[in-house]
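Work through the exercises below with the structure open. Try each task before reading its solution.

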Amino acid sequence: MTRDSESSTPDDELVPDGGETAAEGADEVALDPWGSSTVSDYRKLFEEFGIEEFDEVLPEVPNPHYLMRRGVIFGHRDYRPVADAMREGEPWAVLSGFMPTGDPHIGHKLVFDEIIWHQQQGGEAYGLIADLEAHSARGLTWEEIDEHSRDYILSLLALGFDPAEGELYRQSDNRELQDLAFELGIEANYSELQAIYGFDGETDVSHMQSVVTQMADILYPQLDEPKPTVIPVGPDQDPHMRLARDLATRMRFFKVSKAYASFEADDDERELIAAAYAALADDAPEGEPVRCEDGAEWLREHQPEPADARDSAVKKLDSAGKEPLRPRTRFFDRQATDAAFEALIDAVEGEKRVYEGHIDSFDLDRGEAEELARQVEVDHGGYGFMPPSSIYHRFMTGLTGGKMSSSVPASHISLLDDPEDGYDKVKSATTGGRETAEEQREKGGEADKCPVYELYAYLLAGDDDEFATEVYEECVGGERLCGGCKEQAAELMEEFLEEHQKKRAEVAEHLDDLDIDLDSDRKRN
C-alpha cells in the first residue's frame, strides 16, 4: 500500500496510455511490496492474481479521472461497491499511504491524484505516513522520517487534498490503528506471512508487525462504520490487498453463503449440488420436493467431473437421504458471541431453520442476508468489515529507461527539484524516437516505448484528453519529432514544478494547524 519507488512495464496494446516498455531485465510476475520489482506483462496480473481489468468497470464510474480514461489505472479488485456508493450518494472512503524514504516524485503524484480525485467525488479521504514501516523495513532514523514526512504532506496538500474534509495520520501516533493491528494479528500467523512475503528466520519481528499495521491501515476507514473503501496502489502492493481482504473476512461474526440442504458443502460441492437441483426442479411433479437422494443419483449419472468434488457431494447427499433439496441462504457462525447469534435468529424474518452452528433462511436473498448479518454484528460490538477494494496504476518508466527509482536521480523528477533541473532532466530523457528524423517521418515514432510520452499521458496533459491524444497521434504519424516534443514537455514540466512549489510554500504556512505531528519524540536511532 505504500509507495517509495516507481518502475515501468505497461503492456503492448497500442493505445495512448503510456506505452509498452518493459524495463530491461524485467522479472516475471513476482509482486514484492518492499522491492523494486517490475511487471513484464500486466496482462499476467489478470490471469495469475485475479486482478480485473478496469475498463470493465469504467462505464459505471461517474466523472472518471483522466488516469482511468487513459488506461493508466488498468486494474481493480472489487471496485464496483465503491462506484455504486459514489453514484448513489452512500458513504464510502479512499485511503493510501506513503513510506517516507526519500523525496516525493512524479511517480508518487499518481497516488496523490487518485486520493484527491476520490475525495472530490465525495469519499472520506485518508492519507497516511507509514513511518513504522519505514523504520522497521527500511531502517530510516526518525529524524529522516520526519523530514520526508513533511515533504509528502506538503505535496499532497499542494495538489489539492482537503485536510478539513479528510484525515492525515502517522502510524506511530495513531493508537486506534495500533489497537486494530493487534486484533488483526490474532487472525494472522507466521506461516502465512512467510508464504505471502517470503519471510524467513532472519526477518525481524518489527518488520512482520509492520505488515499487520498496514492491514490495519487498509481497514481503518471502517472503524466507525463498515463502508466500501478503495486503496489506490501500484500492482506491487497487491499482496497486501489480498491479505487485507482475507483478514476482513476472518474478523466477521458470520459467513453468508448459498446452501441446498442442512449439511455443509464447500464451494465445488455446492456448485454441483446447485446444478443437480436446477436440473431436477424443472421436471419435479407439482407439489413434490426434490430429495437429496435424487440429487445424488443425478450427479452419479450426469457429472463425471470433477470426480473428487462429485464423490464427496454424492456422499453427503446420500447421507441426507429423503431430506428435501431446497435453495436457502445460510448464516454460518464464524466467531459470533452467543448474544449476537441469538439476535440474528430473532432478526431473520420469514421461514427459517436454526441449527447448532448456522441459520438457514428461505426468504432472504444473499444481499439482504449480508446486510442483516453485518448490522447484527456491528450492534453487538463487531467490526462488520467490508472487503476493501483496490485500483492499480501502471508504473512510470524512468527518464533514462528502465525503472524509475528514487535512488537514481536522473531517472525521476522529484517534486522538490529546481524547475530548471526538471527542465534539464526531461531534455536529457530517453525517447521512443527513431534513429534519424527521416526514419521518424517515414515510420513514425514509438510513443508506446517513450518515457517522454508517458509524462504527457500521466501528468503534463492534465485533464485534456484531446491534447494527450494529439501528441500520441502526431508522434506515431511521424509529424512530431523528438527534439520539439521534449522541448514542449520540458517547458510544461518546468511550469508544473514552479506552480507546485509555489503552492507548497503557501500550504507550508498552515502546516502547524494540521492535526498531525511531524516532529517525532521517538529516540533518534
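**Exercise 1. The negative patch**

Which residues form a negative surface patch? The model is predicted, so local features are used here only at pLDDT of at least 70.

Solution. 
- Step 1. List the members: Asp418, Glu420, Asp421, Asp424, Glu491, Glu495 and Glu498 form the negative patch.
- Step 2. Assign elements. Helices α16 (419–427) and α20 (482–508) are the elements that give two or more residues to the patch.
- Step 3. Asp418 has a relative accessible area of 40%. A patch member needs over 30%, so Asp418 passes on this count.

**Exercise 2. Strand β12**

How many residues of β12 are buried? Identify its neighbours too.

Solution. 
- Step 1. Five of the five residues of β12 are buried.
- Step 2. Sort them by direction. Ser389, Ile391 and His393 point one way, and Ser390 and Tyr392 point the other way. In a regular strand, side chains alternate between the two faces of the sheet.
- Step 3. Take β3 (residues 73–77). Four bridges join β3 to β12, and the two run antiparallel. Gly75 is opposite Tyr392.
- Step 4. Take β7 (residues 229–233). This strand is also joined to β12 by four bridges, but the pair runs parallel. Here Pro232 is opposite Ile391.

**Exercise 3. Strand β11**

Are the faces of β11 (residues 358–361) covered or uncovered, and which strands pair with β11?

Solution. 
- Step 1. Both faces are covered. His358 and Asp360 are buried on one side, Ile359 and Ser361 on the other.
- Step 2. Strand β9 (residues 328–333) runs antiparallel to β11, with four bridges between them. Thr329 has Ser361 as its bridge partner.
- Step 3. Strand β10 (residues 352–354) also runs antiparallel to β11, with three bridges. Val354 has Ile359 as its bridge partner.
- Step 4. A hairpin of three residues links β10 to β11.

Technical notes:
Residues numbered from 1 in each chain as written. Predicted model: local features only at pLDDT ≥ 70, side-chain atom pairs only at ≥ 80, totals over all residues. Heavy atoms only, no water. Patch = residues over 30% accessible without salt bridge, like charges linked within 9 Å, V, L, I, M, F, W, Y side chains within 5 Å. Areas by Shrake-Rupley, 256 points an atom, 1.4 Å probe, with all protein chains shown as cover. Salt bridge = Lys/Arg side-chain N within 4 Å of Asp/Glu carboxyl O. Lys, Arg positive; Asp, Glu negative; His and termini not counted. Charge placed at Lys NZ, Arg CZ, Asp CG, Glu CD. Buried < 20%, exposed > 50% of the residue type's maximum accessible area, 1.4 Å probe, protein only. Pairing = 2+ DSSP bridges.
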